[in-house]
Amino acid sequence: MTRTLIRNADVVVTMDGARRELAGADILIGGGEILAVGATEQLADQIIDARGCVITPGLINTHHHLFQTLTRAVPGGQDALLFGWLKTLYPIWARMGPEEAFVSAQVGLAELALSGCSLSSDHLYLYPNGICLEDTIEAAKTLGVRLTATRGSMSIGESDGGLPPDRLVEREADILNDSIRLIDAFHDNSAGAMTQIALAPCSPFSVSRELMRDTALLARDKGVRLHTHLAENAEDVAYSLATFGCRPGDYAENLGWTGEDVWHAHCVMLDEREIDLFARTRTAVAHCPCSNCRLGSGIAPVRDLRDAGVTVGLGVDGSASNDAGHLLQEARQAMLLQRVANGADAFSAREALEVATLGGAKALGRSAELGSIEVGKRADLAIWDVTGINSAGVWDPVAGLVLSPPGQVRDLLVEGQGVVRDGRLTGIDLKQVLARQQDLALKLAG
C-alpha cells in the first residue's frame, strides 16, 4: 500500500464531532483511506507539502444538471422565472445528443473539481437522441471524481397538462425498467464507492403521481436514494395547489417521498409545517442559493431548516440557471443570503463550510465515509493555498475560505488520488475539452 503524507498544513479543518481545527497538522493516507491526523513522523512513499494551505474535506455538491453546462447565458432565458426559463431551454436541450451530454458533464465536473468538489450529484432528467446516464458516469470516470448519478425522468408533457414538450417525455414503464437496469449495472454500496445511482423524477409538474409513488417503491426495494425538485418558487407551489389540492410537502408525504433516504432540491417555499415534517422524517434538502437568486425564486429558509434539525447540503444547480459551478462561491452565497434574511450573525462562514462538506455527505447518505477528516474515513481532501491575493490580509484563514474564497483549489484528492495537482486537472486535457465544448455550444446556438 502506497502511503502519502500531507505535511505542515497551516490548518486542517476536520469537521469531526468536535469541529476541531488543527494548526500545523499532518494527514497520512493510504489505500484510499485516512490513516492518521495530527503530528506524525510515520514513513510515507510520497510527501505533499501543505505549508501556506488550509485543508478541508472535499466539498460535496448535492444538486446539478451537468448537461446544462452547454447552455449558459442563453438569450430569452436570462431574465425569466422558472417556468418561462424552462420553456425557453426545453427546445434547445431537445437537440442534444450523447456527445453533448458527455462533454458538458466533463466540463461541469472539471469546474467543480477545480472548486474543491470531490463528490457531485447529477440530475439527468431528459434523454433525447440516444442520451443515457452512462454519458455522465463515463465523464466522471475521466476526471476521477465521485458521482451520485440520478436517473431523472419526465412523463407528463404539454398535451397532458405538464410543462415539458411531449417529445421530451418518456413512457413510465420504460423509465422504471431503465431505472432497474442502471441500479443493477452501476450502483455500488461498498466503502469508497465512486459511483452510486439514485432515482429522481424531475418535478411534480413533469411526472405523474403514479410514477412518483412507483419510483419510491422501486428505490426502497433496491436500496437506493430518492431525489426531486420541490417547492422551488411561488409558481411551483401554485401548481401543486391547483393540480393536487395540497402544498408540496403534503404531496411528497402522501407519495412516500419523505424519509432519511430522500433529499429534495431547492425547498425555497417550505412553510413552518413542512419544515417540521422534514425534521421529523429526516428528509434532507439541497440548497441552491445562486440558482435561486438567478431565477428570482426567493431565499430558502435554511436558518429555520437547520435550527429544526433538517440536513442541508449545497447544490450549484445546472449551469443554465446558475451560469457557474463553483461550490465554494456557493457556500459564500448561502451565507450571505441567510444574513440578508436574518441578520449578520445568522449564518457564519464556518457553518457555510459545514453545509458544503458534512451537510452534503449526510444529504447523500455518505457521512459514514465522507464529509470530515477522521481516521478511517475516505481520503477526499481539498488543499487550499491561502497565500495568494484573495487571502492577502486575512486574519482567520478558515473563515476566509468562505468570506474571501480562493479562485480554485491547489490540490484535490479523491480516494487518495490526485484529481487536481498544483491547480491543474490530472485526468483530462482541459484545453481540448473546452474547445470541443465551445464547438458544440455554437452548433446548438446555430
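Before the first stop, a word on helix axes: they are lines fitted to C-alpha atoms, for helices over the stretch in contact, and angles run from 0 to 180 degrees between N-to-C directions. Helices (H or I, at least four residues) and strands (E, at least two) are DSSP runs, numbered from the N terminus. This is a predicted model, where local features need pLDDT of at least 70, side-chain atom pairs count only at pLDDT 80 or more, and totals for chains, interfaces and linings use all residues. Residues are numbered from 1 along each chain as its sequence is written, and side-chain values use heavy atoms, with hydrogens and water left out.

**Stop one: α4 and α5**

Select residues 172–186 (α4) and 209–222 (α5): their axes are 11 Å apart, at an angle of about 20°. That makes the two helices roughly parallel (under 35 degrees; over 145 is roughly antiparallel, 65 to 115 roughly perpendicular, and the rest oblique). Now show side chains: residues of α4 including Ile-175, Leu-176 and Ile-183 meet residues of α5, among them Leu-211 and Leu-218. Contact here means heavy atoms within 4.5 Å.

**Stop two: α12 and α13**

Next, pick 327–342 (α12) and 349–363 (α13), which pack with axes 9 Å apart at about 130°. This pair is therefore oblique. Where do they touch? Leu-328, Ala-331, Met-335 and Arg-339 in α12 meet Ala-349, Ala-352, Leu-353 and Ala-356 in α13.

**Stop three: α8**

Move to 272–281, helix α8, and colour its buried residues: Glu-274, Ile-275, Leu-277 and Phe-278. They sit on the same side of α8, because they cover an arc of only 155° around the axis (taken from the directions from the helix axis to the C-beta atoms). Buried means under 20% relative accessible area, exposed over 50%, and partly exposed in between, with a 1.4 Å probe and protein chains only. What covers the buried residues includes β10 (225–230), α7 (248–254) and β11 (262–266).

Asp-271 caps the N-terminal end, with a side-chain oxygen 3.2 Å from the backbone nitrogen of Arg-273. Just after α8, Arg-282 takes a positive phi of about 60°.

**Last stop: Ser-319**

Finally, click Ser-319 in helix α11 (319–322). Is Ser-319 buried or exposed? Buried, with a relative accessible area of 0%. Beyond its neighbours within four places in sequence, Ser-319 is in contact with residues including His-64, His-65 and Glu-111.

Methods. A polar contact is a pair of N or O atoms within 3.5 Å; within protein, one must be able to donate a hydrogen and the other to accept it, and residues adjacent in sequence count only if both atoms are side-chain atoms.
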